[in-house]
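Grab a pencil and work through the exercises below one at a time. Try each task before you read its solution.

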Amino acid sequence: MSRSSVYAIDIALVVLGIVVVWQLLHMGAGDVAISSPAATALRAGELLLSDAFWPHAAETGLALFYALVIALMIGLGVGTLLGGHRLSGDVAEPILVALYSLPKITLYPVILLVFGLGLEAKVAFGAIHGVIPVTIFTMNAVKNINPVFLRTSRVLGMGPMQTATHILLPATLPEIVSGLRVGFSLTLLGVIIGELFASHRGMGFLVMRAIGTHDVTTMMAVTLLLAVAAVLIASLLLYIDNRLHRRV
Amino acid sequence: MTGEIHAHLTRVTRVYPAVAGNPPVHALGPIDLELRRGEFFAIVGPSGCGKSTCMDVLAGLAPPSEGEVSFEGNPIRGSVPDGVGAVFQEDASFPWLTVWDNAAFGLRRQGVDAAEIRRRVEYALGFMGLRDFAQAYPAQLSGGMRQRVCIARTLVLQPRLILLDEPFGALDAQTRLLMGDELLRLWRETGATVLLITHALDEAAMLSDRVGAMSARPGRFLETLETGWPRDRDSSMLEGETFGHITGRLWQLLRSESQAAMGHHPDAAQGGTRREAG
């Protein structure tokens, strides 16, 4: 049996396990708390076919995209600077780790006051979740770059730009992609939390509206769609991450 | 052996400045070194004696604190001159590139046309026995093969002066001997001047036309030995009596220096005197 067949069977078994546990929980808790996998999948299908769903999905997707771009730009820039200057990196690292462990939900009222209810607040909240892991991973990647690569670039007569694009970037890329992978999950979390607590649109808003009307099936269907989208993107990033790290 | 001076160090010293409360470190010199065009010169000495610093200064990777450095009659100031190639002890193959792309890396940065890159890379990979691994990544290769990739990357640039900083330091003894043979073959075919930094006396004695024995830090040349080997040579020189004489003489020069580098004080124990720089 080929490796990809084994991999596909593994995935199918995991999915089957989740469905079985879900069904058992549904049977234990009842429709009032957890809808059945079949009913949830059916409602998810209905949502995908309805015109009302897609503006919400687009709103969440757009907020996630903007937040990721901001987290990446700031994280890559600050991480590169801190990694390139050892003293600054050593000073900043414990501060970043402390910020990383801070429950960022406590900052959401401040963000709402600054940005108001809308896309901007969700983007800002998503970005502050994603920016720290991208910064930490980038900083460590630059800090730990093999010094002999930089000596080689000097021996080959490469200028700063050539060194940055042809040595620094590819040498740090595996770690940066790892940071992006972690940053993606946290940015999505930030955006959805933002939508759950104060928003007029988006997937998080749909979940809250379903809770408000006690529509358990819709609530779980939206959650299922979010989970499937997140798993697909995270799997793609993990695949790229593994491919890059396999060479190192 | 006489010949045109290819590279020159004149009264060179290198002092590393004080860092974080530690005093400055006088790593090297003053030393004088004349490399003759086309010769194979090795520097041996105890650990931390400044051998690699000497190579860095000659390559233009580190400026001398005092003294002058020149290559082909031109002073070296702050950058690696055209025509100088270097291979380091650490694995410097780029893990994100295949063997072929690693070898072609320097040529691509120099804007050499594709046909010429193909010609030179294929020759270098064939020469280094890597043709069958052209599409492999360094992670798939042994340590010795990765060093050959680095040598191939240097070779394609057709350097006139090749600097080798303990390139086989991480390899086992048998592989080092075989790599030494390949290095001699490369040296004969290219006609380049080679400076080899090594801590292995047998390697220095087998490969070189001349061997400079360096004192413990700050490194100074104690003596420079002429091996007298013919240009067409290989590791079979190890079987000869002369090889034993050369390594014996090198060890005689370096024994007390190595003890000094390890923190022992042979002068006190044996009542000897330390040799002055030669």
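**Exercise 1.** Find the loop that holds A:H214, then work out whether A:H214 is buried or exposed.

*Solution.* Start with the place: A:H214 sits in the loop between helix 9 and helix 10 (216-246) of chain A. Helices here are DSSP runs of H or I with at least four residues, strands are runs of E with at least two, and both are numbered from the N terminus. This is a predicted model, where local features need pLDDT of at least 70, side-chain atom pairs count only at pLDDT 80 or more, and totals for chains, interfaces and linings use all residues. Residues are numbered from 1 along each chain as its sequence is written, while chains are lettered from A and ligands numbered from 1 in the order in which they are written.

Next, count neighbours. A residue is buried if 20 or more other C-beta atoms lie within 10 Å of its own, exposed if 12 or fewer, and partly exposed in between, with C-beta atoms placed from the backbone. A:H214 has 9 other C-beta atoms within 10 Å, so it is exposed.

Last, look at the backbone. Most residues other than glycine have a negative phi, and most peptide bonds are trans. A:H214 is not a glycine, yet its phi is positive, near 50°.

**Exercise 2.** Look in chain B for B:Q158 and B:P218: which loop holds each one?

*Solution.* Take B:Q158 to begin with: its loop runs between helix 4 (143-155) and strand 7 (161-165) of chain B. B:Q158 also has a positive phi, about 50°, without being a glycine. With 13 other C-beta atoms within 10 Å, B:Q158 comes out as partly exposed.

Now B:P218: you'll find it in the loop between strand 9 (210-214) and strand 10 (221-226) of chain B. The peptide bond leading from B:R217 to B:P218 is cis, and its omega is near -5°.

**Exercise 3.** Describe how helix 3 and helix 9 of chain A meet.

*Solution.* Get the geometry down: the axes of helix 3 (residues 53-84) and helix 9 (residues 203-212) of chain A come within 7 Å and cross at roughly 130°. Axes are lines fitted to C-alpha atoms, for helices over the stretch in contact, and angles run from 0 to 180 degrees between N-to-C directions.

Then name the arrangement. Angles under 35 degrees count as roughly parallel, over 145 as roughly antiparallel, 65 to 115 as roughly perpendicular and the rest as oblique. Helix 3 and helix 9 of chain A are therefore oblique to each other.

Who does the touching? On helix 3 of chain A it's A:H56, A:A57 and A:T60, and on helix 9 of chain A it's A:M203, A:F205 and A:L206. (Two residues are in contact if their C-beta atoms, placed from the backbone, lie within 7 Å.) Sorted by class, this contact has four nonpolar, two polar and no charged residues. Ala, Val, Leu, Ile, Met, Phe, Trp, Tyr, Cys and Pro count as nonpolar, Asp, Glu, Lys and Arg as charged, and the others, Gly among them, as polar.

**Exercise 4.** In what order do the four strands of the open sheet in chain B stand?

*Solution.* Read the order off as 2-1-4-5, with antiparallel pairing. Strand 2 (25-36) and strand 5 (74-75) of chain B are at the edges with a single partner strand each, so one side of each has no neighbour in the sheet. Helix 1 (residues 51-59) of chain B packs on this sheet, touching strand 1, strand 2 and strand 4, and its direction makes about 120° with that of strand 1 of chain B.

Zoom in on one pair: strand 1 (residues 5-16) and strand 4 (residues 66-71) of chain B are joined by five bridges. Two strands pair if DSSP finds at least two bridges between them. Within this pair, B:L9 stands opposite B:V69 of strand 4 of chain B.

**Exercise 5.** How many residues of chain A are in contact with chain B, and which helix of chain A gives the most?

*Solution.* Count both sides: 14 residues of chain A are in contact with 14 residues of chain B. Helix 7 (147-155) and helix 8 (160-197) of chain A each supply at least two residues to chain A's side. Helix 7 of chain A gives the most, with six residues. By class, chain A's side has seven nonpolar, four polar and three charged residues.
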